[in-house]
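Please walk through the structure shown here, starting from a local backbone feature and ending with whole chains.

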Amino acid sequence: MAKKSADAIKAAKDHWSQKFLRKDFKLLPERLPAFTTVSGFPIEEPLCTPADLADTDYLRDIGFPGEYPYTRGAYPSMYRGRLWTMRQFAGYGTAEETNKRFKYLLKKGQTGLSTAFDLPTLMGYDSDHPLSKGEVGRCGVAIDSLADMEALFKDIPLDKITTSMTINAPASVIFAMYIAVAEKKRIPPARLGGTLQNDILKEYIAQKEWIYPPRQSIRLITDTISYCVQNVPKWHPISISGYHIREAGSSAVQELAFTLADGLTYVDACIKAGMKIDAFAGRLSFFFNSHNDFFEEIAKYRAARRIWAREIKKRYKPKEAQSVQMRFHTQTAGCSLTAQQPYNNIMRTTIQALAAVLGGTQSLHTNSMDETLALPSERAVTMALRTQQIIAHESGVANAIDPLGGSYFVEALTNKMEEEVYAYFKKIDRLGGMVEAIGQGYPQREIARSAQWYQQAIEKKEKIIVGMNEFTEQEEPLEVMKIGPEVEKKQARAVQAVRKKRGRRKWEASLKKLKETAEGDENLMPSLIEAVKAYATVGEISSALKEVFGEYKEPALF
Amino acid sequence: MNTKSRRFSKNKIRVLLAKAGLDGHDRGIKVIAMALRDAGMEVIYLGLRRTPEEIVNAALEEDVDCIGVSLLSGAHNVLYPEIASLMKKKGLADKPLIGGGIIPEEDMARLRKKGVAKFFTPGAKTEDIVRFIEGAVRKK
Amino acid sequence: MKKLLKELFKGDKSAASRLISLVENDEEKGKSIMKELKPFLGRAHLVGITGAAGSGKSTLIHGLVGLLRKSGKKVGVIAIDPTSPLTGGALLGDRIRMQGHEKDKDVFIRSMAAREGVGGLSKAATRAASVLDAFGMEVVLIETTGVGQSETAVKDVVHTVVVVLTPGLGDDVQMMKAGLMEIGDIFVVNKGDLKNAETIAKELEDLAAMLPQREKKPPIIVTTATEEKGIERLLMAIMAQRTERMEIKALLK
């Protein structure tokens, strides 16, 4: 904008501020000693004007959806062409039970599947492993072998729906099983669409569900990406995640900075592994959190797209437009939900879902209101889905593309967040990159500090959480979903039966081949697919790889 | 005892904190560890995925005044009773075992009968935890 | 107390634990416990492991404990972390890296806060080491955070001082100049997989050669504790010094 007009507006605003705003504050002082977003980002300016965007060039910095720098959206037509995918995370008990829940959600209007696995599966243990005691089927579905995977997707047309699988350390094993199941259904890998989370760096930083050390884990990831580039081109082999980083207590800026830094680390690793940027960059996807601060989240998504596009362009000079285009899935913030007055969580989730939509997400999961107490009940998960449907069909926000684009406040906040992210990039570079920074505990410490700050702010009532530290009530306990101990017994018996039934020679040979491949540098996916087809279990495969890769031990950092 | 006198006192309260079960969510327990340290206590933090044997052996060697175990994976009905019974076996039954995480009300009631002194669940304040531990230790 | 001592000699971990608490908290009781224990001391090789936070000491110790147990030796570990000057509390997290020995009655690990110890080893830590000595431990590894000059007091208490450095943790050469070069009996450059490791090892060798008062060159060992590389050599270096160091200590008493 022309300097003269910016100056004129600034002058007019100062006048308004002195003459009117200040007078108002004399009668009604500012409501809080300081205004910050939920994650502590200061909002000093009560009102934004075009002058705050004086240095912003519309065509250069904001642009058009589906075009560099993608601030306004990943695709040109956005929700005018097609709504975001409503993809509710589901999984518990045995594969048969989750298969039922999958079919239920598809019938209720969900448009894609998202799979939650139980902790033993996520950590690479079979259901009858001593460490699995009490854990089987509780946080997700128990998958021990290909037999379970077959049951999970029974009667589900894998060529017609897309499936997201939230698993990291043993992601390539589960992916191998998915491909094998599709093969049995006579569906070639080229027709498979979906996402594998497969992001180990955020595990070391935040979720802490790891098995192998960093270098070997990154190799598994680049192998999966390379395999997809060649054989499963419609698949997103990685979902670079900020969700968990936020859940661990980070601020919005930290969530953004660490996620993007992780992403750039993976891109570097793929290039080092010999891939060309245009071959794989378009298949990368992201996964963000949507927390309570409405505008901070929207600004975060817009900044994310712009920063990613700029950095990929600058560092790798791709030729394809797709290579710099960021697509992401969003989940509403689990850590914002309260156990007290759980019905309030429906309203929180609605606001968070709306922010994700106005931020241009490609797919969305909305949390259920009872998730601070247990896995969601059928009724609660249906309400969560209805939240998305009401936003999509009744609120009108999907009728115009990027309707908040041009808002002085939102654009100014987007710019500010971007600045802060670059400050983090500098710090991480100085430490030698993300892997080194993680080794030194840098992101972990930053997150722990934010978490501590947030908890203290709540205890001091500087941040109000309705129903928890203010507006509290005496309450009746809610009926919640329960997973009985029979799941564990059933699953343990099932995996033992699989071990007895399978062909011993084929199984032994496949594990031997797997270990040999792991010791070399050939792509591991083919030998993983052979191993799962021989009905090697998740635990057996993970142990075999542990023998070659070693095991990651939790660092003594605080 | 207030923070100032605690700072210079010789008899510090020692607390063992650990996560049991397979999940890796340590946000809460780390916030608590820092709060206990800020209240003048010595906190031995054992980390993620510790077995009941590891937890109780550490509590024994460290001669702690209190054991705090956080569990967010759903395995609480199996693991808390195991820890409590091991504590009894090793002569630590007089130390309070406190729990935290995602635990339904009726399970909490049953686990309290099996040896968990108190549960601190989502929404609990760190100052309440500090006060509880100080109270429990003073009683002895 | 008499009962505790009896239990201690019977090998009861609980008694050892209670006695360490007593010597840590009570000056009078501590003194009389030390008196009772005096005739039973002298078996344990006290090894101080010092180095900056983040240098990997805990992982190294974990590796050493594993090897020592394989050779049948009883091992005690005392891990010392700083006390917060503001609150008097402490976060003792070294045990995270020392897991796996919970069923072993011949391993005893104790975390201690530095409390008023300004540097080096507090009287409490020294007494705790004596309790473990009397308990029957043949080697007691004492982990402390080296903060330059203040760690030199370690040398007065232990038989062998191991100094741990890593590439990239600030100016390691400065640390050398701050007095650790004189007190270190063995030097370890950990995180040997990083590119500067060999350079630092070389720098150390040059510095060691310059010191006049050393007749024998101190061993400089490169390790990668997380991959269990170099730990055996470190242990051999420690054990090689055991007899000599313990004799010297006994003479100096």
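## Backbone, rings and chains

Just after helix α21 of chain A, Y535(A) takes a positive phi of about 60 degrees. The model is a predicted one, and the values discussed below are computed from it. Most residues other than glycine have a negative phi, and most peptide bonds are trans.

Helix α21 covers residues 525-533 of chain A, and its buried residues are M525(A), S527(A), L528(A), I529(A), A531(A) and V532(A). An α-helix has 3.6 residues a turn, so residues three or four places apart point the same way. The cover over the buried residues of α21(A) includes α6 (146-152), α7 (171-184) and α9 (214-231) of chain A. It also includes α20 (504-519) and α22 (538-549) of chain A.

Two further sites in chain A concern the backbone. N198(A) is not a glycine, yet its phi is positive, at about 50 degrees. N198(A) sits in the loop between β5 (194-196) and α8 (201-207) of chain A. With a relative accessible area of 3%, N198(A) falls under the 20% cut-off and therefore counts as buried. The other site is a peptide bond: the one from Y68(A) to P69(A) is cis, with omega near 0 degrees. P69(A) belongs to the loop between α2 (58-62) and α3 (78-81) of chain A.

R49(B), a residue other than glycine, has a positive phi near 55 degrees. R49(B) is placed in the loop between β2 (42-45) and α3 (52-62) of chain B. Its relative accessible area is 15%, so R49(B) is buried under the 20% cut-off.

The aromatic side chains come next. A pair of aromatic rings is described by the distance of the centres and the angle of the planes. Over all chains the count comes to 26 aromatic pairs. One of them is formed by F286(A) and W308(A), which are edge-to-face, with 4.7 Å from centre to centre and 75 degrees between the planes. This pair links distant parts of the chain: F286(A) is in strand β8 (residues 284-290) of chain A and W308(A) in helix α13 (residues 294-316) of chain A, 22 residues apart. Both F286(A) and W308(A) are buried.

Helix α13 of chain A also holds F295(A), which pairs with F409(A). The ring centres of F295(A) and F409(A) are 5.6 Å apart and the planes stand at 80 degrees, so this pair is edge-to-face. Since F409(A) lies in helix α16 (residues 408-431) of chain A, the pair ties together parts that are 114 residues apart in sequence. F295(A) is partly exposed, with a relative accessible area of 31%. F409(A) is likewise partly exposed, at 26% relative accessibility. Elsewhere in chain A, ring pairs link F102(A), F153(A), F175(A), Y178(A) and W235(A) into a cluster.

The remaining description is of whole chains. Chain B contains 6 helices and 5 strands, and along the sequence they follow the pattern α-β-α-β-α-β-α-β-α-β-α. The radius of gyration of chain B is 14 Å, close to the 14 Å that the globule rule gives for 140 residues, so chain B is as compact as a globular protein of that length. Its C-alpha trace spans about 40 × 30 × 25 Å along the principal axes. Of the 140 residues in chain B, 63% are buried. Where contacts in chain B join residues at least 6 apart in sequence, 68% of them join residues at least 24 apart. The accessible surface of chain B is about 5,200 Å², and 52% of that belongs to carbon and sulfur atoms. Chain B carries 26 positive and 18 negative side chains, and the centres of the two sets lie 4 Å apart.

Within chain B, A109(B) lies in helix α5 (residues 105-113). A109(B) counts as partly exposed at 33% relative accessibility. The C-alpha atoms of A109(B) and I44(B) are separated by 27 Å, the two residues being 65 residues apart along the chain.

Chain C has 9 helices and 8 strands. Buried residues account for 60% of its 253 residues. Among contacts in chain C between residues at least 6 apart in sequence, 77% are between residues at least 24 apart. Chain C exposes about 11,100 Å², with 55% supplied by carbon and sulfur atoms.

Notes: Residues are numbered from 1 along each chain as its sequence is written. Chains are lettered from A and ligands numbered from 1 in the order in which they are written. This is a predicted model: local features need pLDDT of at least 70, side-chain atom pairs count only at pLDDT 80 or more; totals for chains, interfaces and linings use all residues. Side-chain values use heavy atoms; hydrogens and water are left out. Helices (H or I, at least four residues) and strands (E, at least two) are DSSP runs, numbered from the N terminus. The radius of gyration is taken over C-alpha atoms; the globule rule is 2.2 Å times the number of residues to the power 0.38. Buried means under 20% relative accessible area, exposed over 50%, partly exposed in between (1.4 Å probe, protein chains only). Contact means heavy atoms within 4.5 Å. Accessible areas come from the Shrake-Rupley method with a 1.4 Å probe; for residues, only the protein chains shown count as cover. Lys and Arg count as positive and Asp and Glu as negative; His and the chain ends are not counted. The place of a charge is taken as NZ of Lys, CZ of Arg, CG of Asp or CD of Glu. Rings of Phe, Tyr and Trp (its six-membered ring) pair if their centres lie within 6.5 Å; planes under 30 degrees apart count as stacked, over 60 as edge-to-face and the rest as tilted.
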